[in-house]
Amino acid sequence: PPDPATGKRRQKWVSAKTKRECELKALDVLKSAQSGSTAALTTETMREFMARWLASIEPTVRPSTHRRYSDLVTQHALPFIGGVKLAKLTPLHLQELYANRLGAGLSTTTVHHLHAVIHRALKQAVRWGLVDRNVSELVDAPRRSLPDVATWDAAQVGAVLAAGDGTPHAALWRLALLCGLRRGELLGLMWEDVDLERGTLAVRRTLSRGKGGTWELGQTKTASGRRQIALPASCVAALRKHRAAQLAERLRLGPVWNDAGFVFTNETGGPLHVNSLMNHYERLVRAAGVPRRRFHDMRHTAATLLLAEGVHPKIVQARLGHATVSMTLDRYSHVTPGMQRQAADALDAALSRLTEAAS
């Protein structure tokens, strides 16, 4: 049968020492094809197949996801298994690949992600009828390890907010630290997503790096990432002040201003570039005199402070946009011992009140 992905006719060449042996081999190929097994007809290498697979999924995934898949495949998989025929790929090939990458210093999490990409690609190869089985299912990939979460404590958060209040992006720092928005969600935020009267904010999109290094608006990281957040009063006040300053700048620049609707913009109203944001962030950390943390750690800080204050994990999950509450608890398990102590003390206190009331 033709290739299900391209529609092109497929041919299989066999060779042997005698005509009879060739005929027998040809019969084996025909029997395999007639029984629905077309692996014997597949001649493309892993390099050719992965290129075809990456092109096929590009319209269906976020640009940043496609770029990450492509980087993992081209940098870590194809130099070792690119020349292997797809139909002849074995579990041993993958096991040796993972061992090599771990030996080269890659983290178990990165190799775990590499395995996930290869598994997804080979699953599609089975669907396309290129192979009979997904050999990655026969390989034990290294377990993903969650890195230690680095956060600021309440006093340090206060220092960052105090330093940030004197900058043009005071509202952005408060949304990152008090609401846990991701960097792309902050950059993709538009005024139509903000209801200052009700004190709420809707996360509907994200700004991320697309193909060719351009920056593109797209969907949130996950479906659960689309969410509505109740804003603290200080965030509402900061956004009102930010809005007033932005309107004044728009009037000053007149036709030069590009009114694209973004909350956080560059000097002429376009989306704030991530490099510019990171430069502002580095200056903020230095001005606040706090330990250096990644930008994403502000999100971790928001979650940690909420859980430490006894906010229900389900509420924290909803505010962060995690798919499940177990994801939230697993990521912030370092806060759990304190929550356990609070729960135990609260139970004792409740029982004491009930005992006193009964007597």
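Visitor: Which residues line the largest cavity?

Guide: In this predicted model, R243, Q246, L247, R250, W257, N258, D259, A260, G261, F262, T265 and G269 line the largest cavity. Residues are numbered from 1 along each chain as its sequence is written. As the model is predicted, local features need pLDDT of at least 70 and side-chain atom pairs count only at pLDDT 80 or more, while totals for chains, interfaces and linings use all residues, and side-chain values use heavy atoms, without hydrogens and water.

Visitor: What makes a space a cavity and not a pocket?

Guide: On a 1 Å grid over the protein atoms alone, a cavity is a set of points where a 1.4 Å probe fits but cannot get out, whereas a pocket is an open set with protein on both sides within 12 Å along at least five of seven lines; lining residues have an atom within 4 Å of a point. The count comes to one cavity of 30 Å³ or more, and the largest cavity has a volume of about 70 Å³, the space filled by probe spheres on grid points joined across faces, edges and corners.

Visitor: How does the lining of the largest cavity divide by class?

Guide: Four of its residues are nonpolar, five polar and three charged. Here Ala, Val, Leu, Ile, Met, Phe, Trp, Tyr, Cys and Pro count as nonpolar, Asp, Glu, Lys and Arg as charged, and the others, Gly among them, as polar.

Visitor: And the second largest pocket: how much space lies in it?

Guide: About 470 Å³. Its lining has 22 residues, and P168, H169, H242, A245 and T265 are the closest to its centre. Helices α7 (170-179), α9 (233-253) and α10 (274-288) each give two or more residues to this lining, with α9 giving the most, six. By class, the lining of the second largest pocket has nine nonpolar, nine polar and four charged residues.

Visitor: How many helices and strands does the protein chain have?

Guide: There are 14 helices and five strands, read as DSSP runs (H or I, at least four residues, for helices; E, at least two, for strands) and numbered from the N terminus.

Visitor: What makes β1-β2-β5 an open sheet of three strands?

Guide: Two strands pair if DSSP finds at least two bridges between them. The order is β1-β2-β5. β1 and β5 are at the edges with a single partner strand each, so one side of each has no neighbour in the sheet.

Visitor: Which residue stands opposite L201 in β2?

Guide: V194 does. Towards β5, T200 has A230 as its bridge partner, A202 faces Q228, and V203 faces R227. In the hairpin of β1 and β2, with four residues between the strands, G199 takes a positive phi near 70°.

Visitor: How much of the protein chain counts as buried?

Guide: Of its 359 residues, 40% do.

Methods:
Buried < 20%, exposed > 50% of the residue type's maximum accessible area, 1.4 Å probe, protein only.
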